[in-house]
Amino acid sequence: MISNASRRLALRGALAIAAAASALAPLHASAADKVLRVSAIPDEAPTELQRKFAPLGKYLEGETGMKVQFIPVSDYAAVVEALASNKIDMAWLGGFTYVQARIRTKGTATPIVQRAEDAKFTSKFITASPAIKSLNDLKGKTFAFGSPSSTSGSLMPRYYLQQAGITPEKDFKTVAYSGAHDATVAFVAAGKAEAGVLNTSVWDKLVEQKKVDPAKVRVFATTPTYYDYNWTVRGNLDPALVKKLTTAFLKLDPAKPADKQIMDLQRASKFIPTTKANYDSIKKAARTAGLLK
């Protein structure tokens, strides 16, 4: 038979094991206790970025079982650095920003999805001047790009200008950088620049929202197509989580009202898979334009 003393020792041991297990419990937090940190290049006003992301963030919480936190940044370079230093897990990047992130992370940053529209993206050249009707008319004029690191607001328009025989710093009277697509429209509308360039998606949205009068500020040229935006994850993110995120984007269905709200804010007809190779042409254009060594 087991003595009372032995029973007491066994009970004490069980209590000690239970206490140890309780102390270790926080180290094994559930997915719901973890945070998915998401950011985006600041190509529009911060309030607009937050508005666009809110429903998507809620959707991703449901799909991953994690809390999703949107982390705004001050400029394009900050997103690249945040990915490289593991301060964020996923980011909405332009094609050029992705190329920069790929270089900064030694090839580990991985694009997972893009909008169908991003496979054939374009930029719009705009003006409020009746004298400007073609790219050649820009010579001697003041001009505004978006951010220096913007694919659609700087890199690709600059590349196509050079293909047309125009070197901005040589042929324009002045070159300015507004910092964001909507800011470029404001520059041109206010006469701070005689012409400018921005991405087609933001232009269309501003027209739809009546935030720009196309009778006063008009499009006079459109670039050829190129690959642009994507959702990129840091290279050392859990593969199982990467798969969940990819699947979540790909199954968004505009026939479902809740999904349609998300997709409308993202200006996406659907999301499709993407690969690193899609952005090799962006890298080549950046080198040709002198924006990348």
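I started at Ser 150, which sits in the loop between strand E6 (142–145) and helix H5 (151–163). Helices (H or I, at least four residues) and strands (E, at least two) are DSSP runs, numbered from the N terminus. I noted that this is a predicted model, where local features need pLDDT of at least 70, side-chain atom pairs count only at pLDDT 80 or more, and totals for chains, interfaces and linings use all residues. Residues are numbered from 1 along each chain as its sequence is written, and side-chain values use heavy atoms, with hydrogens and water left out.

Is Ser 150 buried or exposed? I found it buried, because its relative accessibility is 2%. Buried means under 20% relative accessible area, exposed over 50%, partly exposed in between (1.4 Å probe, protein chains only). I looked for its contacts (heavy atoms within 4.5 Å). Leaving aside neighbours within four places in sequence, Ser 150 contacts Tyr 76, Leu 155 and His 181. A polar atom of the Ser 150 side chain lies 2.8 Å from the backbone nitrogen of Gly 153.

Next I checked strand E3 (residues 90–93). Met 90 and Trp 92 are buried on one side, Ala 91 and Leu 93 on the other. Strands pair if DSSP finds at least two bridges between them. E3 pairs with strand E1 (residues 35–40) in the parallel sense, over three bridges. Trp 92 is the bridge partner of Ala 40. E3 and strand E10 (residues 230–233) run antiparallel, joined by four bridges. Here Met 90 has Val 233 as its bridge partner.

Last, I looked up Lys 52 in helix H2 (residues 46–64). Lys 52 has a relative accessible area of 13%, so it is buried. Not counting residues up to four places away in sequence, Lys 52 touches Glu 44, Lys 205, Leu 265 and Gln 266.

Terms used:
Polar contact = N/O pair within 3.5 Å; in protein donor to acceptor, adjacent residues only side chain to side chain.
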